[in-house]
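I opened this notebook to record what I looked up in one structure. The entries begin with the ligand and then turn to the chain.

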Amino acid sequence: MPGILLGDVFPNFEADTTAGWIKFHEFLGNSWGILFSHPRDFTPVCTTELACAAKIEHEFKKRGVKMIALSIDSVEDHKHWSKDVMAFNDDAGSPLPFPIIADDNRELSVQLGMLDPDEKDKDGLPLTARCVFVVGPDKKLKLSILYPATTGRNFDEILRVIDSLQLTAQKKVATPVDWKPGDKVMVIPSLSDAEAASLFPHGMTTKDLPSGKNYLRYTQL
Ligand code: BEZ
């Protein structure tokens, strides 16, 4: 069964891209990475997504995350399409600030389990779904999100989860529903109250629950 699971080392694939030939791990270096796939070049939803990603590239850079896109067309198509994307952003003439992988033989899309069986091209071949893979500096998969071709992604949410991933990689906390940077976080269940008291100088608040179990423990970092 092709695909990749949380905690797996992301394949060190080789591919042709709009920035030349890459080996994925070398491309990432010691950075975090995000790989997001698109069904096809010159399609409307994909164009809005790539344009959004280009507009907020500085937000990924600020977080030390290297960006790379993928679509099942050629480098030549990607380069032409990139011009449309930047024009959509009213930034015609500027280069797309991240490379796009050419997966025109669908090899990588199959290996990473990215094909959407419900969306086919005119020849009946499946298109790529809208996958998001976030890879840590240890090259392991930290997050994957899979949307069908017909639903565009929300890049604010992608930045939000990267903030959570980077925070929880450093501290023994978890982020609750709709968490945003600066909000209170939750102390993870595996930590005793005594351990939490020594780790979190701002203390901890616990919400009383009918079960009497003190598992809803918040702290402010
Ligand atoms: C799009 O990007 O607009 C799209 C691509 C494939 C299927 C449906 C929509």
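Which polar backbone atom lies 3.0 Å from an oxygen atom of the ligand, that is, to which residue does this atom belong? I looked it up in the model, which is predicted, and found that the atom belongs to C46. I then noted that the protein covers 83% of the 260 Å² of accessible area that the ligand has on its own.

Entry on the other backbone atoms. For V45, I found a backbone N or O atom 2.7 Å from an oxygen atom of the ligand. For P44, the corresponding distance from a backbone N or O atom to a ligand oxygen is 3.3 Å.

Entry on the shell. I listed the residues around the ligand as P39, T43, P44, V45, C46, E119, L127, R130 and A149.

Entry on the fold. I recorded 7 helices and 13 strands for the chain. The C-alpha atoms fill a box of roughly 60 × 40 × 35 Å along the principal axes. Of the contacts between residues at least 6 apart in sequence, I noted that 62% join residues at least 24 apart.

Entry on surface and charge. I found that 43% of the 221 residues are buried. The accessible surface of the chain is about 11600 Å², and carbon and sulfur atoms account for 54% of it. Lastly, I looked up the charges: the chain has 25 positive and 31 negative ones, and their mean positions are 7 Å apart.

Definitions and conventions: Residues numbered from 1 in each chain as written. Predicted model: local features only at pLDDT ≥ 70, side-chain atom pairs only at ≥ 80, totals over all residues. Heavy atoms only, no water. Helix = DSSP H or I, 4+ residues; strand = E, 2+ residues; numbered from the N terminus. Buried < 20%, exposed > 50% of the residue type's maximum accessible area, 1.4 Å probe, protein only. Contact = heavy atoms within 4.5 Å. Areas by Shrake-Rupley, 256 points an atom, 1.4 Å probe, with all protein chains shown as cover. Lys, Arg positive; Asp, Glu negative; His and termini not counted. Charge placed at Lys NZ, Arg CZ, Asp CG, Glu CD. Near = heavy atom within 4 Å. Polar contact = N/O pair within 3.5 Å; in protein donor to acceptor, adjacent residues only side chain to side chain.
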